[in-house]
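Thank you all for coming.

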Amino acid sequence: MAENPVTDWATDFDIGDPTYETDPYQIWDELRERCPIAHTERRGGAWLPTRYDDVAAIAYDTEHFSSRDTSVLPSPEGSTTLVAPPITSDPPFHTAARRILLPFFSPREVEKLEKKTRSVCTELLDAIEQRAGGDPTVVADAAGDYAQHIPVRIIAHMLGIPESDEGRFTDWAVRIFQEGASDPEITRTAIREILDFFGDEVERRRQERSEDLISFLLDAELDGGPLTEKHILGTCFLLLMAGIDTTWSSIGSSLWHLAVTPDDRDRLVAEPELLPTAVEELLRAYAPVTMGREVVAETEVNGCPMHVGDKVLLNFPSGNRDPEKFDRADEVLIDREQNRHFAFGIGIHRCLGSNVARMEMRVALECWLERFPTFALAEGTEVRWGGAQVRGPRAVPVLLV
Ligand code: HEM
């Protein structure tokens, strides 16, 4: 994916560089020390803050930094930026657009999804076990055979769209967040297909409502009137995309960590009550999401002048490993008590789906460890990491016993 190899990460970084995808941790450590806000002219140009406090300051500052284009890559030429409320909205509109969705993501609603999540996990584990047929040499893919399928089925269930179409939904997420980095046309086509798909789904519910999120949006009100078609389609787009490869990446990196760290794996098997703190720590250490912002008024961050039109990448993953904020920042401590990480963002756009994601991670890890308590990385196979905006392992080959 790299146009040409990076020689100086401070002045010429490339988040699509294979090294950045596979092992960005040393790059961030070095930048935090040497040049905490890196810059590049590649891919249309961008700033990359690496310290927790700088990332947080930008995320909180909605006066100078707009969310109207949150992509970390340049938008396809000639395209109008996709409107996907509330993630692409700025104040004051953002508050109302977000408020509409809150009831659907409350802890009570999320609790109702736990049984469904457990049954999805069980079904996937049964299939993996059946394929292995008791042969200890058979390699399973903890990312591709398991993690990848859980969040997409849950968000499909919430939206009321067919779970059996999960392959199509995943393909859209892969095209937008992974393949689109090398060819913007791929992103453009996938966005059009998603909006067409939801156009049909909305039309069907205009005839007859059901109990799902799309029907809920059709009846929602903003400023005393119904939402526009554009708003509804953009929000459906956001929920489908936000709910797929984010959590898939986090479940995948958690299983990868446990596959290569038998002490943590064994401790979680013996003390499953540690799962909630372990989930937080795995989210901190392997935070998948980096978001874009656009500078809309001249400003300065930590002495670094930023100009109108500049792109800034909110590097939550690096901030989460900032030693000024976290003790032993580069270590994974599954019983870490103080853990104010910002894997879910910070400020007004903080993740609306965090309760769903946490529940999915906890249930997915619990079910996996109950079934395969001694699983381990398969020697001599390749773990493949990928993703610029949403980073995670795309293949985690493991032996189940
Ligand atoms: C581990 C999984 C997840 C991670 C790491 C994650 C991360 C994030 C981050 C960093 C943001 C902030 C964006 C910004 O500042 O521009 C965000 C926003 C959002 N996320 Fe998530 N997310 C995850 C799962 C989910 C799920 C499962 C859903 C839905 C079912 C979801 C829905 C949303 C929505 C709607 C927003 C926009 C909130 C707003 O703009 O007010 N996310 N997420």
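This is a predicted model: local features need pLDDT of at least 70, side-chain atom pairs count only at pLDDT 80 or more; totals for chains, interfaces and linings use all residues.

The chain is built from 16 helices and 14 strands, and its C-alpha trace spans about 60 × 60 × 40 Å along the principal axes. A compact globule of 401 residues would have a radius of gyration near 21 Å, and because the chain has 21 Å, the value agrees with that expectation.

Let me turn to the ligand, and begin with a question: how many residues surround the ligand, and which are the closest? There are 28 residues around it, and the closest are T246, G345, H349, C351 and G353. If you want to find this shell on the helices, look at α7 (149-159), α11 (229-242), α12 (245-260) and α16 (354-371), which are the elements that give two or more residues to it. Sorted by class, the shell holds 18 nonpolar residues, nine polar ones and one charged one.

The crossing in which α7 passes α16 is right-handed. On the α7 side the contact is made by I150, P151 and I154, and on the α16 side by V356, E360 and A364. By class, this contact of α7 with α16 has five nonpolar residues, no polar ones and one charged one.

The second contact also involves α7, this time with helix α8, residues 166-177. Here the axes come within 10 Å and cross at roughly 110°, which means that α7 is roughly perpendicular to α8. Once again α7 makes a right-handed crossing, now as it passes α8. Which residues meet in this case? From α7 they are H149, V152, R153 and A156, and from α8 they are E166, F169 and T170. The residues of this contact divide into three nonpolar, two polar and two charged.

Most residues other than glycine have a negative phi, and most peptide bonds are trans. Against that background, a cis peptide bond joins P85 and P86, with omega about 5°, and another cis bond joins P91 and P92, where omega is about 5°. P86 is found in the loop between β3 (65-66) and α4 (93-101), and P92 likewise lies in the loop between β3 and α4. Finally, R43, a residue other than glycine, has a positive phi near 50°, and you will find R43 in the loop between β1 (37-40) and β2 (46-49).

Conventions. Residues are numbered from 1 along each chain as its sequence is written. A residue is near a molecule or strand if its C-beta atom, placed from the backbone, lies within 6 Å of it. Helices (H or I, at least four residues) and strands (E, at least two) are DSSP runs, numbered from the N terminus. Ala, Val, Leu, Ile, Met, Phe, Trp, Tyr, Cys and Pro count as nonpolar, Asp, Glu, Lys and Arg as charged, and the others, Gly among them, as polar. A crossing is left-handed if the near helix is turned anticlockwise from the far one by less than a right angle, and right-handed if clockwise. Two residues are in contact if their C-beta atoms, placed from the backbone, lie within 7 Å. Axes are lines fitted to C-alpha atoms, for helices over the stretch in contact, and angles run from 0 to 180 degrees between N-to-C directions. Angles under 35 degrees count as roughly parallel, over 145 as roughly antiparallel, 65 to 115 as roughly perpendicular and the rest as oblique. The radius of gyration is taken over C-alpha atoms; the globule rule is 2.2 Å times the number of residues to the power 0.38.
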